[in-house]
Amino acid sequence: MLSGLSTSKRFNLTRDYALLAGYANLFWLLYSIGWAITDGGNVIGVTQMAIYFGILDLLLLPVLAFAV
């Protein structure tokens, strides 16, 4: 469970690992909130859902890939 953290300590990359893991976990939390307000609760419509998930995709995938 903590293999990533222990490996980052071995290579003195704990701060970088914590930043990237925190960033990814924050956006995974926002994805579940997005599901709750779209498919789970029908609070927002299809267009707003596409915009919401599109922004999340653009902020998570390319930024995280570039950072790694």
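**Figure 1. Thr38, a buried residue of helix α2.** Thr38 has a relative accessible area of 3% and is therefore classed as buried; buried means under 20% relative accessible area, exposed means over 50%, and partly exposed lies in between (1.4 Å probe, protein chains only). The residue belongs to helix α2, where helices are DSSP runs of H or I with at least four residues, strands are runs of E with at least two, and both are numbered from the N terminus. When neighbours within four places in sequence are left aside, Thr38 is in contact with Val43, Ile44, Met49 and Phe53; contact means heavy atoms within 4.5 Å. The model shown here and in the other views is predicted, with local features requiring pLDDT of at least 70 and side-chain atom pairs counted only at pLDDT 80 or more, whereas totals for chains, interfaces and linings use all residues. Residues are numbered from 1 along each chain as its sequence is written, and side-chain values use heavy atoms, with hydrogens and water left out.

**Figure 2. The largest nonpolar core.** Phe27, Tyr31, Phe53, Leu56 and Leu60 make up the largest nonpolar core, which has 5 residues. A nonpolar core is a set of buried Ala, Val, Leu, Ile, Met, Phe, Trp, Tyr and Cys residues joined through side-chain atoms within 4.5 Å. Helices α2 and α3 are the elements that give two or more residues to this core, and α3 provides the largest share, 3 residues. Apart from its neighbours within four places in sequence, Phe27 is in contact with Leu56, Leu59 and Leu60.

**Figure 3. A nonpolar surface patch formed by Leu26, Leu29 and Ile33.** Together, Leu26, Leu29 and Ile33 have about 260 Å² of accessible area in a nonpolar patch on the surface. Patches are made of residues with over 30% relative accessible area and no salt bridge; like charges are joined within 9 Å, and nonpolar side chains (Val, Leu, Ile, Met, Phe, Trp, Tyr) within 5 Å. Accessible areas come from the Shrake-Rupley method with a 1.4 Å probe, and for residues only the protein chains shown count as cover. Leu26 is located in helix α2 and is partly exposed, at a relative accessible area of 44%. Leu29 also lies in helix α2 and counts as partly exposed, at 47% relative accessibility. A separation of 13 Å is found between the C-alpha atoms of Leu29 and Leu59, which are 30 residues apart along the chain.

**Figure 4. Ser8 in helix α1.** Ser8 is found in helix α1 and is classed as buried because its relative accessible area is 6%. A polar atom of the Ser8 side chain lies 2.7 Å from the backbone oxygen of Leu5. This pair is a polar contact, that is, a pair of N or O atoms within 3.5 Å; within protein, one must be able to donate a hydrogen and the other to accept it, and residues adjacent in sequence count only if both atoms are side-chain atoms. Residues up to four places away in sequence not being counted, Ser8 touches Leu13, Thr14 and Tyr17.

**Figure 5. The salt bridge between Arg15 and Asp16.** The side chains of Arg15 and Asp16 meet in a salt bridge, with an N to O distance of 3.3 Å. A salt bridge is a side-chain nitrogen of Lys or Arg within 4 Å of a carboxyl oxygen of Asp or Glu, and by this rule the count comes to 1 salt bridge. Side chains of opposite charge can pair when their charged atoms come close. Arg15 counts as exposed, at 61% relative accessibility, whereas Asp16 is partly exposed, with a relative accessible area of 33%.

Figure 6. Asn12 is not a glycine, yet has a positive phi of about 55 degrees. Asn12 is placed in the loop between α1 (3-10) and α2 (14-40) and counts as exposed, at 69% relative accessibility. Asn42, likewise not a glycine, has a positive phi of about 55 degrees. The loop between α2 and α3 (46-67) contains Asn42, which is exposed, with a relative accessible area of 64%.

**Figure 7. Leu64 in helix α3.** Leu64 lies in helix α3 and is partly exposed, with a relative accessible area of 21%. Leu64 touches Leu20, Tyr23 and Ala24, not counting residues up to four places away in sequence.
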